[in-house]
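Here is a short report for a first look at this structure. Keep the sequence and the 3D view at hand while reading.

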Amino acid sequence: MMVGQTGSLLVLTLLSYWAGYRLYQRIPHMLMSPVFTSTLIVIGVLWLSHTDYQTYQMANKPLTWLLGPAQVAMAVPLFRGWKLLKKHLSSVLTGVCGGTVSGMLTATLMGKILHLSTVTILSLAPKSATTPVAMMTSQAVGGVPELAAFFAVFTGILGVVAGPVILRWMGVRNILFKGLALGTAGQMIGAARASKWGDAAAAMGIVGMSVTALLIGLFTPLLILFLI
């Protein structure tokens, strides 16, 4: 792979996200999430230019390396939401633990029912974590990080589309619980959607997202060893 091609593919990733972000600013709809639209742009360019995925992956290794610091940075939103977390600690831990474990169990059991390969199930299990955590966790247990990233983004989008409807149908009116539910099910995309209900809901969404990421990173290897 030539140096010029490496730089071009790296710039492609950055420009695609920038374009997706600007598009989201103009059309603030959950389906216009920069993560989703930038992925479509990259796929389209790679397809038109007949560039294989391995070449693209090698060119973007510097960005992949940043996933590690991104996981550490999860401590920042958790610190900002510490007061709310401390005030509702038992409810948060009960709700997030229940949501996280049930999500992992459901994904794993569905994978087995559909006769998916073990590698696919290992990529699917951490789908409720943020994309960096899902990729790192999946890689650690033998899954495919890129597949885990796809499942994480899809889960986030599905969470913000279906989540508010389900919460309304279940009669949940408390914005703190609604924010926590969306952050737990839809990670960063869900927390961003929760911000439309106010700062308190957004903070609980961030708390849900952060605690879910921690739980998945800690317990996925143990759960997977038990289920696979």
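## Surface and overall make-up

Accessible areas here come from the Shrake-Rupley method with a 1.4 Å probe, and for residues, only the protein chains shown count as cover. On that basis the protein exposes about 12,800 Å². Carbon and sulfur atoms supply 74% of that area. This is a predicted model, in which local features need pLDDT of at least 70 and side-chain atom pairs count only at pLDDT 80 or more, while totals for chains, interfaces and linings use all residues. Residues are numbered from 1 along each chain as its sequence is written, and side-chain values use heavy atoms, with hydrogens and water left out.

The protein has 13 helices and zero strands. Helices (H or I, at least four residues) and strands (E, at least two) are DSSP runs, numbered from the N terminus. Buried residues make up 42% of the 228 residues. Buried means under 20% relative accessible area, exposed means over 50%, and partly exposed lies in between (1.4 Å probe, protein chains only). Contact means heavy atoms within 4.5 Å. Of the contacts with a separation of 6 or more, 65% join residues 24 or more positions apart.

## Annotated regions

The UniProt record, an unreviewed entry, carries the annotation "transmembrane region". UniProt positions are given in the numbering used here, feature names are shortened, and annotations may be inferred rather than shown by experiment.

How far apart are the end C-alpha atoms over residues 147-168? They are 31 Å apart, and the chain there is 100% helix and 0% strand. Residues 175-194 are also 100% helix and 0% strand. Over residues 175-194, the end C-alpha atoms are 8 Å apart.

## A helix pair

Two packed helices are described by the angle between their axes and the distance between the axes. Helix α10 (residues 131-141) and helix α11 (residues 145-169) pack at an angle of about 140°. Their axes are 8 Å apart. Axes are lines fitted to C-alpha atoms, for helices over the stretch in contact, and angles run from 0 to 180 degrees between N-to-C directions.

Which residues make the contact? From α10 come Thr131, Ala134, Met135, Ser138 and Gln139. From α11 come Pro145, Ala148, Ala149, Ala152 and Val153. Seven of the contact residues are nonpolar, three are polar and none is charged. Ala, Val, Leu, Ile, Met, Phe, Trp, Tyr, Cys and Pro count as nonpolar, Asp, Glu, Lys and Arg as charged, and the others, Gly among them, as polar.

## Two histidines in loops

Most residues other than glycine have a negative phi. His50 has a positive phi, near 55°. His50 lies in the loop between α2 (34-48) and α3 (53-59). Is His50 buried or exposed? His50 counts as exposed because its relative accessibility is 73%.

His115 also has a positive phi, near 60°. His115 lies in the loop between α8 (89-113) and α9 (118-124). His115 is exposed, with a relative accessible area of 71%.

## Residues to locate in helices

Leu10 is in helix α1 (residues 3-26). Leu10 counts as partly exposed because its relative accessibility is 23%. Leaving aside neighbours within four places in sequence, Leu10 is in contact with Ala59, Asn60 and Leu63. Leu10 and Met58 are 48 residues apart in sequence, and their C-alpha atoms are 9.5 Å apart.

Tyr53 is placed in helix α3. At 35% relative accessibility, Tyr53 is partly exposed. Its C-alpha atom is 9.3 Å from that of Ile43, 10 residues away along the chain. Asp199 lies in helix α13 (residues 199-227). Asp199 is exposed, with a relative accessible area of 73%. The C-alpha atoms of Asp199 and Ile175 are separated by 9.8 Å, and the two residues are 24 apart along the chain.
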